[in-house]
Amino acid sequence: MTEQGKNSSPVIHSHTYNIPQDNIDTDQIIPAQFLTTTERGGLGKFCFYGWRFNADGTAKENNPLRDHRPDRQQVLVAGSNFGCGSSREHAPWALLDYGFRAVISSRFADIFCNNSLKNGLIPVTVERQVIEYLHAHPDSNVSIDISRRQLTVGEYGTFQFPLDPFSAFCLTRGIDELDFILQKEPEISAYEQRYSK
Amino acid sequence: MPQQSPSDSTLFEKLWQRHLVMAESAETPALLYIDLHLLHEVTTPQAFAELKRRGLRVRRPDRCLATIDHSTPTSAPEADGKRHYVTDQARVQVETVHRNCEEHGIVLHGWDSPNRGIVHVMGPELGATQPGMTIVCGDSHTSTHGAFGALAFGIGTTEVGHVLASQCLLQSKPKTLGIRIEGDLAPAVTAKDVILHIIGKIGVGGGTGSVIEYYGSTVRAMDMDSRMTLCNMSIECGARAGMVAPDDTTFDYLNGRPNAPRGADWDTAVADWKTLKTDPGATYDAQVDIDATLIRPSVTFGTHPGMVVAVDAAIPSSDADESIADALEYMGFQAGESLADESVDVVFIGSCTNSRLSDLRAAASIMKNRKVASGLRVLVVPGSEEVRRAAEAEGLDRVFIEAGAQWREPGCSMCIGMNGDIAAPGELVVSTSNRNFKGRQGPLSRTILASPLTAAACAITGKVSSPQQFLEADND
């Protein structure tokens, strides 16, 4: 099991949903007004809240997620620099709870990428032309093979994406990162002794 | 050009090597030791809950330091001490961090502490932030502490749990980006204008995957408050961290602070800190040169911190960039036009970027003996209790209050708006904070990022204005 009990299956098969915008920041993904929670769960209803709802709580007409079908489309295709801004882990928690299992972008912000991998949300980084193809072909059938680090887009092709080997290993084998770190206790203590920490 | 020797290394490389519990291998990331773990109420409750679930203790409570800053009201308490939280949930979050810190023996600066403040203001003030350290916090603006020659970066809540339990983090080695800034700054141009200019130049993803080192004559001439402003916004160009090599300015700032070393320990520490600089022959993975003499008072015109323009210059064309067109539609601005004379509704002076004493002095220098424009709401929020005391001791609070601004209690306040300090839908805020994302300062609020001098100038005129006119007027 991973820490949050979200043991990712090694291959995700799903359809895509497009939000073709660059620089989608974590304030958009989960606005700050919902960060006073002390829990991890239940944030899906606040995901992209400002895009989905007016200030008075009524639904917005031009909501970029209005056509999303969570049962079918569990892969979000965004523009570049997805997840920039705040380090809030509430962003991947909200996306997962909303129903997404992977995000495809041409570049991810570092902290968002780390936070996602720790929770089993797969950040898939591919070249701009693949993103452009997906944006031109809504609801594409894709598969994401975590062990092989491959994204297959229908008949368009198969593309490698970067994923550090340790994250891939943890995700596919259900290895707990904190357990792994705690096994290094002798090394940590030796370090503290060596540097008088 | 000096000859590069194999032992030449960057400041970042030196800190990285010093903190390796285990080096990176083909299969696993490095295991990095963390010297200082800063904590606040927003990003820690789920981490403590995870420790509890596993039956783990905090490994080194002595290397943790906590505060309350995000969800805390900045209005004065009632006579009986009662605080007006925005929601019950906000109050519960503050109570939760108190309970967790007490249970694990972590020092927390709560309401009753004379040192409470925004986490990135308080750490340096206490001297807890020191050169050569690794510093993390569940907060992206942890990059601020890099101003002291520390390797400091934001982490997520799962990683907060890792550090609480093990004092270590798994980390892939980042790349390095050297940003050399040379030349004297023009009057009324500040570190805030420098970093806005840099983000505008390299873009909001320009630092992704990298640790930035800022160097050059402009950086050397900056005081610590300015260096903190510079490093603070490193994350806004996507960088993991920003750093400045420590020097006498750094040591003078730290000497005598409560958590700084003393006596012989101080001398030993300074001798070591003096070695923390990039060797002449070392190189960065990438490098950018900035001519500081060309920088003018700068503001953002769009919906991310890379959409930057000089305050009196025209907004660039959106023809080639859909995201600029979208941003301008949200902001209600036109490409090709200047922001000057755009009507402002709210001015916010505060945040971990610009709420230190020198920031408040700068704002007060313009607001002194002047009045805030009619109908404008101006919030001045000191970064910490220490900043508040120092500002009040020299009468800055009176300057702001007499001008018609609100002088509030320390906290993050309207930078993130979690505590209820927000702008109304559609309102235009000139803010000394760090993010102008859509709705950042309240649903449908619009944000222009600026320096304290520029924000103060806008407060007086009620319009987007350059501070240079006030400096000229005051010099006459």
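## The model and its confidence

The structure described here is a predicted model, and the predictor gives the complex an ipTM of 0.94 together with a pTM of 0.96. For chain B the mean pLDDT is 96, with 98% of the residues of this chain reaching 70 or more.

## Chain B as a whole

Chain B contains 16 helices and 19 strands, and its C-alpha atoms fill a box of roughly 65 × 60 × 45 Å when this is taken along the principal axes. A compact globule of 476 residues would have a radius of gyration near 23 Å, and the 22 Å of chain B agrees with that expectation.

Of the 476 residues in chain B, 61% count as buried. Among the contacts in chain B with a separation of 6 or more, 75% are accounted for by residues 24 or more positions apart.

## Strand E15(B) and its partners

Strand E15 of chain B spans residues 346-349, and both of its faces are covered: Val346(B) and Phe348(B) lie on one side, Val347(B) and Ile349(B) lie on the other, and all of them are buried. E15(B) pairs in the parallel sense with strand E16 (residues 377-380) of chain B over 4 bridges, and within this pairing Val347(B) stands opposite Val378(B).

In E18(B) the bridge partner of Val347(B) is Val430(B), while in E16(B) the residue opposite Val347(B) is Val378(B).

## The surroundings of Ala403(B)

Ala403(B) belongs to helix H14 (residues 396-403) of chain B. It counts as buried because 21 C-beta neighbours lie inside 10 Å, where the cut-off for a buried residue is 20 or more. Ala403(B) and Val378(B) are 25 residues apart in sequence, and their C-alpha atoms are 9.6 Å apart in space.

## Features of chain A

In chain A, strand E4 (residues 122-125) has Ile122(A) and Val124(A) pointing one way and Pro123(A) and Thr125(A) pointing the other, and all of these are buried. Strand E3 (residues 102-105) of chain A runs parallel to E4(A), the two being joined by 4 bridges, and the bridge partner of Ile104(A) in E4(A) is Val124(A). The path from E3(A) to E4(A) leads through helix H4 (residues 110-119) of chain A, and this β-α-β crossover is right-handed.

Helix H3 (residues 90-98) of chain A has 8 of its 9 residues buried, so it is largely enclosed by the rest of the structure. The buried residues of H3(A) include Trp93(A), Leu95(A), Leu96(A) and Tyr98(A), and what covers the buried residues of this helix includes helix H1 (26-29) and H4 of chain A. H3(A) is followed by Gly99(A), whose phi is positive, near 125°.

## Residues with positive phi

Most residues other than glycine have a negative phi. Ser196(A), however, has a positive phi near 50°, and is found in the segment after helix H8 (185-194) of chain A. Ser196(A) is exposed, with 5 other C-beta atoms within 10 Å.

Asp341(B) likewise is not a glycine and has a positive phi of about 80°. This residue is found in the loop between helix H11 (322-331) and strand E15 (346-349) of chain B, and Asp341(B) is exposed, with 12 other C-beta atoms within 10 Å.

## Where the chains meet

The contact between the chains takes 54 residues from chain B and 44 residues from chain A. The elements of chain B that each supply at least two residues to the side touching chain A include strand E1 (20-22), helix H3 (88-104) and helix H5 (157-166). H5(B) gives the most to that side, with 6 residues. By class, the side of chain B that touches chain A has 20 nonpolar, 27 polar and 7 charged residues.

How values were computed
Residues are numbered from 1 along each chain as its sequence is written. Chains are lettered from A and ligands numbered from 1 in the order in which they are written. This is a predicted model: local features need pLDDT of at least 70, side-chain atom pairs count only at pLDDT 80 or more; totals for chains, interfaces and linings use all residues. pLDDT is the predictor's confidence in each residue, from 0 to 100. The radius of gyration is taken over C-alpha atoms; the globule rule is 2.2 Å times the number of residues to the power 0.38. Two residues are in contact if their C-beta atoms, placed from the backbone, lie within 7 Å. Two strands pair if DSSP finds at least two bridges between them. A crossover is right-handed if, with the strands pointing away from the viewer, the path from the first strand over the helix to the second runs clockwise. Ala, Val, Leu, Ile, Met, Phe, Trp, Tyr, Cys and Pro count as nonpolar, Asp, Glu, Lys and Arg as charged, and the others, Gly among them, as polar.
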